[in-house]
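This report describes one structure in words, to be read beside the sequence and the 3D view that follow.

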Amino acid sequence: MTHDVQYGTAVASVYDSLIAPAMPTEEAVDRLRPYVTDARVLEIGVGTGRVALPVAGIAREVTGMDNSPAMLDEFRRKDVPENVTPVEGDFRRPLPFDSPFDAAYSTMGSLACVRSREELTTAFEHIFQVLAPGGSLSLEYYSTSAYRPLVEQHTLTVPMPHHGGTTTFTVVLDEADVLTMDTRVDKDGEPPVEFSERILLIEREEVEACLVEAGFTIDRVYPAEGLQPYDWYVAHRAD
Ligand SMILES: C[S@@+](CC[C@H](N)C(=O)[O-])C[C@H]1O[C@@H](n2cnc3c(N)ncnc32)[C@H](O)[C@@H]1O
């Protein structure tokens, strides 16, 4: 089986300047606070460290794993504190860690970068295996209430107040529930940046079923509200 890397240099080069500012981290950090404070924490799909860096201010240790060398390069270029370790790794394979984490989390739907419910369940199992008993998993996953209307609409251009330009999304959903989203960022006076993502778009109950199949006990689900793109799940390893 091939294990593609979705996030290349095009998206990595604009992630912090053009994409991350549209997603302030305060709400995610507040939701994570009870689980990550003073804890040994794993972020799955850490990207450029948008959330790992503020989490490092309250956690004992943060390991940030991602399979994109380009995103990790952007992360390492930052002023990374001593309690943060970026690591290259793919959540579709068993995770490269020996000692257990107290908590794991994944933001902006990183874990949705799979092709099937089976692949999602396997990714959850890999996380389960590196958690201490009682350890928590918090995750944002693409909300069907936000993305199904986008599929109907097919193309949407939205203004981006933080950079003064626009972002255009073109969305197609296939028969296997894999959503391909092409993104084009236009900023005045600069060449457009284009990239493509593929994610598994499934209902909340199905995400919950994959978590349970992987061994997790679900504690709480926060459905996306208003224009929020992600549902938020909190689960833990009960044994
Ligand atoms: C939308 S970005 C989110 C980054 C970060 N969590 C944030 O909130 O800013 C998704 C990240 O998931 C990573 N990713 C996708 N598939 C992955 C995989 N199989 N293993 C590890 N990381 C993966 C991508 O490289 C990318 O950095």
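Predicted model: local features only at pLDDT ≥ 70, side-chain atom pairs only at ≥ 80, totals over all residues.

Domain 1 takes in 9-143 + 202-237 and domain 2 takes in 145-198, with bounds that come from an automatic or database domain assignment. The C-alpha centres of the two domains lie 22 Å apart.

The size of an interface is often given as the accessible area lost when the parts come together. Between domain 1 and domain 2 the buried area is about 1,500 Å², with 58% of it given by carbon and sulfur atoms; buried area is the accessible area (1.4 Å probe) that two parts lose on being put together, summed over both. Leu 18, Arg 115 and Ser 143 supply 38% of the area that domain 1 buries against domain 2, more than any other three residues.

Two salt bridges are found across the interface of domain 1 and domain 2, a salt bridge being a side-chain nitrogen of Lys or Arg within 4 Å of a carboxyl oxygen of Asp or Glu. Glu 203 forms a salt bridge with Arg 148, and their closest N and O atoms are 3.1 Å apart.

## The ligand and its surroundings

There are 19 residues around the ligand, and Tyr 15, Gly 45, Arg 50, Asp 66 and Thr 107 come nearest; a residue counts as near if one of its heavy atoms lies within 4 Å. The shell divides into seven nonpolar, seven polar and five charged residues, where Ala, Val, Leu, Ile, Met, Phe, Trp, Tyr, Cys and Pro count as nonpolar, Asp, Glu, Lys and Arg as charged, and the others, Gly among them, as polar.

An N or O atom in the side chain of Arg 50 is 2.8 Å from an oxygen atom of the ligand, while one in the side chain of Glu 43 is 3.0 Å from a ligand nitrogen atom.

Residues are numbered from 1 along each chain as its sequence is written. Local features need pLDDT of at least 70 and side-chain atom pairs count only at pLDDT 80 or more, whereas totals for chains, interfaces and linings use all residues, and side-chain values use heavy atoms, with hydrogens and water left out.

Technical notes
Polar contact = N/O pair within 3.5 Å; in protein donor to acceptor, adjacent residues only side chain to side chain.
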